[in-house]
Amino acid sequence: MSITTTDKNITTQVASSIEQRLKADATPQRLQALQTLNTLQLPTTKNEEYKHTPLTRLLEKNFTFANEISESTLRAEDLNSLLIDGLEADRIVFVNGKFNESLSSAKSSTSLKIVPLKEAIVSSDLARQHFGAYANFKEDAFTAWNTAEWLDGFFIHVDDNVVIDKPVIFYHINDTQAGEVRSSIRNLIVVGKNSEVTFIEKFDSIGSGNHLSTLVTEGVVHENAGLNYYTIQNDKGNRYQYGLMEFYQKNSSRVNTYTFTLDGKAVRNNLHLKLDGEGIESHMYGLYLLGGDTLADNHTVVDHKKPNSFSNELYKGIMDGNSKGVFNGKIYVRPDAQKTNAFQANRNVLLTDKATVNTKPQLEIWADDVKCSHGCTSGQIDEEAIFYLQARGISKETARAMMLYAFAGEVLDNIKHPALHAYIDKLVSERLHKNF
Amino acid sequence: MLSIKNLQAKIDDKQILNGINLEIKPGEVHAIMGPNGSGKSTLASVLAGREEYEVTGGEVDFLGKDLLEMAPEERAREGVFLAFQYPVEIPGVSTINFMKTAVNQIREHRGQQALDAVSFLQMMKEKMKLVEIDQSLLNRALNEGFSGGEKKRNEIFQMAMLEPKLAILDETDSGLDIDALRIVSNGVNKLRSKNNAIIVVTHYQRLLNYIVPDYVHVLYKGKIVKSGTKELALELEAKGYDWIKDEVSVA
């Protein structure tokens with residue numbers, strides 16, 4: 001393809017930079033993804049899926065898309081403040097998109113194979129079979145971007161019939177002290193039959209520069225296996241992010257996802273669950289507490305393909321300052337998926353006149369014997385309730401905090417892991433100025 | 001204890017209270033009656049500090065302090081309690097947890113130490129008996145899915161917990177069947193003492209069979225147009241409010 005560096009088109013700029021970065025790594029698949037990126041073009045707000053999320057415009061304004069990958073001198077001490085207290089977990093640390101072995105603690109074993117993805121797609125048939133099978137780069141230009149560019153990431157294979165007690169935690173750290181950072185990570189997860197595993201993603205940064213992450217996590221959850229996936233986005237820095245998490249679920253599998261977005265500049269989370277089996281249970285929980293000029297967009301898709309499965313989605317948001325929340329929840333119930341139970345709720349509280357939320361449920365149901373419901377609300381904090389609490393001697397500040405904490409609590413209550421519950425509860429309590 | 005002088009208040013652009021005068025001493029129970037729209041609930045709301053109402057004139061002195069200057073929570077901490085006509089449902093906040101916060105913020109205001117969990121629970125158990133309320137109800141989200149009677153009983157439970165000097169019961173009898181009315185009234189009567197005072201706002205006389213007032217005032221068009229003893233309530237029950245309206249228009 002011909003690319004000129006003087007071209008102002010952002011997609012061309014990004015594609016050119018990716019091409020420079022790839023060099024010898026330019027596999028046919030990456031080049032195809034790059035081609036797709038050029039064809040699709042990064043989405044503007046004219047694209048229905050990005051109608052309320054000017055991510056492309058924000059990137060255009062704030063990034064130069066340097067070819068070089070920023071170096072980092074991050075040391076173990078720098079990492080300490082970012083770790084989750086009291087959490088015993090196997091740690092995988094990425095700094096500026098590169099795996100940092102000295103800061104990581106996770107070790108590969110027979111029950112839990114952890115192999116660098118680049119290596120796995122050469123050496124493992126299993127990895128090749130699943131890689132790219134779920135996250136379709138033709139659907140979204142950002143996924144194409146990630147597919148073309150990803151620098152690091154892992155193939156994680158949980159063997160059949162094992163329960164992995166310790167969660168695996170990914171720390172995604174962008175160190176902007178030497179300038180703008182752009183990092184792309186790709187993970188592939190295969191959870192074997194009758195197994196159980198928990199993953200955590202935590203996103204942070206060091207320095208005050210702009211930084212951008214693309215992260216695509218895809219995988220399959222086999223028969224009767226359970227996957228818990230926690231995402232903690234509480235980056236105080238200038239984080240811009242695109243994420244896609246897509247899991248393919250087989251008979252009687254269970255997936256629970258928990259997405260907490262508490263800070264960052266602009267965060268887009270795509271979450272896709274494909275329920276291709278019977279007796280499946282999927283829970284998607286989300287909580288976004290936004291302030292300043294943070295933009296957080298959660299786009300979720302639950303695709304019921306077979307009968308007798310259950311999905312439940314609960315996303316709640318509190319928007320303060322000039323922040324903006326976006327929620328889009330698609331539920332597909334295919335013609336074969338009789339006796340599906342699918343529920344969705346998105347509830348929002350706006351604390352200021354300038355904060356906004358755009359919420360849209362999208363249910364497409366082709367089966368006739370199903371139970372589906374959805375509900376979206378957005379409103380202010382209930383002043384009558386505040387007055388009621390004040391009339392009992394509780395200060396207005398405490399009354400507000402009580403109301404907001406109770407609102408968030410409905411999501412927090414579902415966190416099953418005790419140390420994570422304590423950690424996230426603390427983050428949320430601090431954010432809401434809980435003083436009771 | 002409470003001295004209201006020429007109190008005037010409006011909501012939006014509608015003047016509702018047109019000069020209320022009322023003196024209440026410790027140990028007294030005053031009933032405020034009147035036809036719909038006369039300003040009874042407005043008076044209760046203004047005393048509790050509801051922000052939608054704007055006081056346009058007059059004074060309210062509570063135990064030597066200017067009540068109207070205080071935020072709603074300060075009034076509560078000083079000893080004013082409003083039992084709501086329509087108690088609010090608050091999902092996710094249990095009565096127990098919120099009462100613990102309330103009791104301790106009030107104690108802090110009074111210079112007392114916060115209650116520990118054991119003492120709080122002990123106090124709660126005592127007060128629960130008083131108003132015949134079940135703990136399972138108090139563990140639940142505040143008023144969420146409560147019946148009308150349960151909500152009102154919960155109001156009186158909170159009154160028992162906070163031990164106010166002045167309790168204002170705003171239409172506490174509305175929506176109550178006869179059994180619930182008896183339980184709620186019994187609770188209130190047990191809380192009566194020579195040190196506290198109660199204002200009972202009601203449209204009907206039937207509550208006053210249970211909570212017997214020392215004084216009855218009739219509110220009409222934002223003014224107290226007639227005051228008397230409990231016999232006045234009986235007379236209103238028998239004759240309705242029209243004769244009061246006639247008296248006022250003749251005068």
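Predicted model: local features only at pLDDT ≥ 70, side-chain atom pairs only at ≥ 80, totals over all residues.
In the UniProt record, an unreviewed entry, residues 181-407 of chain A are listed as "domain: SUF system FeS cluster assembly SufBD core"; positions from UniProt are given in the numbering used here, feature names are shortened, and annotations may be inferred rather than shown by experiment. Over that span chain A is 9% helix and 62% strand, with the end C-alpha atoms 36 Å apart, where helices (H or I, at least four residues) and strands (E, at least two) are DSSP runs numbered from the N terminus.

Residues are numbered from 1 along each chain as its sequence is written, chains are lettered from A and ligands numbered from 1 in the order in which they are written, and side-chain values use heavy atoms, with hydrogens and water left out.

The unreviewed UniProt entry also gives "domain: SUF system FeS cluster assembly SufBD N-terminal" for residues 14-168 of chain A, a span that is 37% helix and 12% strand and whose end C-alpha atoms are 32 Å apart. For chain B, the annotation "domain: ABC transporter", again from an unreviewed entry, covers residues 2-246, and over those residues the chain is 40% helix and 29% strand, with 30 Å between the end C-alpha atoms.

Let me turn to the domains of chain A. The assignment, whose bounds come from an automatic or database source, gives domain 1 (10-275) and domain 2 (383-436), and the C-alpha centres of these two domains lie 31 Å apart. In contact, meaning heavy atoms within 4.5 Å, are 15 residues of domain 1 and 12 residues of domain 2. Together the two domains bury about 1,200 Å², 69% of it on carbon and sulfur atoms; buried area is the accessible area (1.4 Å probe) that two parts lose on being put together, summed over both. On the domain 1 side, A:Y230, A:F260 and A:L262 supply 40% of the area buried against domain 2, more than any other three residues.

Next comes the interface between the chains, to which chain B gives 31 residues and chain A gives 18 residues. About 1,900 Å² is buried between chain B and chain A, 63% of it on carbon and sulfur atoms. Here the rule finds three salt bridges, including one between B:E51 and A:K396, whose closest N and O atoms are 3.5 Å apart. Which element of chain B gives the most to the side that touches chain A? That element is helix 3 of chain B, with seven residues. The residues on this side of chain B divide into 19 nonpolar, seven polar and five charged, where Ala, Val, Leu, Ile, Met, Phe, Trp, Tyr, Cys and Pro count as nonpolar, Asp, Glu, Lys and Arg as charged, and the others, Gly among them, as polar.

Finally, a search of the whole structure finds 37 salt bridges over all chains. One of them joins the side chains of A:R57 and A:E60, at 3.7 Å from N to O. These two residues are separated by about one helical turn, because A:R57 and A:E60 are three residues apart in helix 3 (residues 55-62) of chain A.

Note on methods:
Salt bridge = Lys/Arg side-chain N within 4 Å of Asp/Glu carboxyl O.
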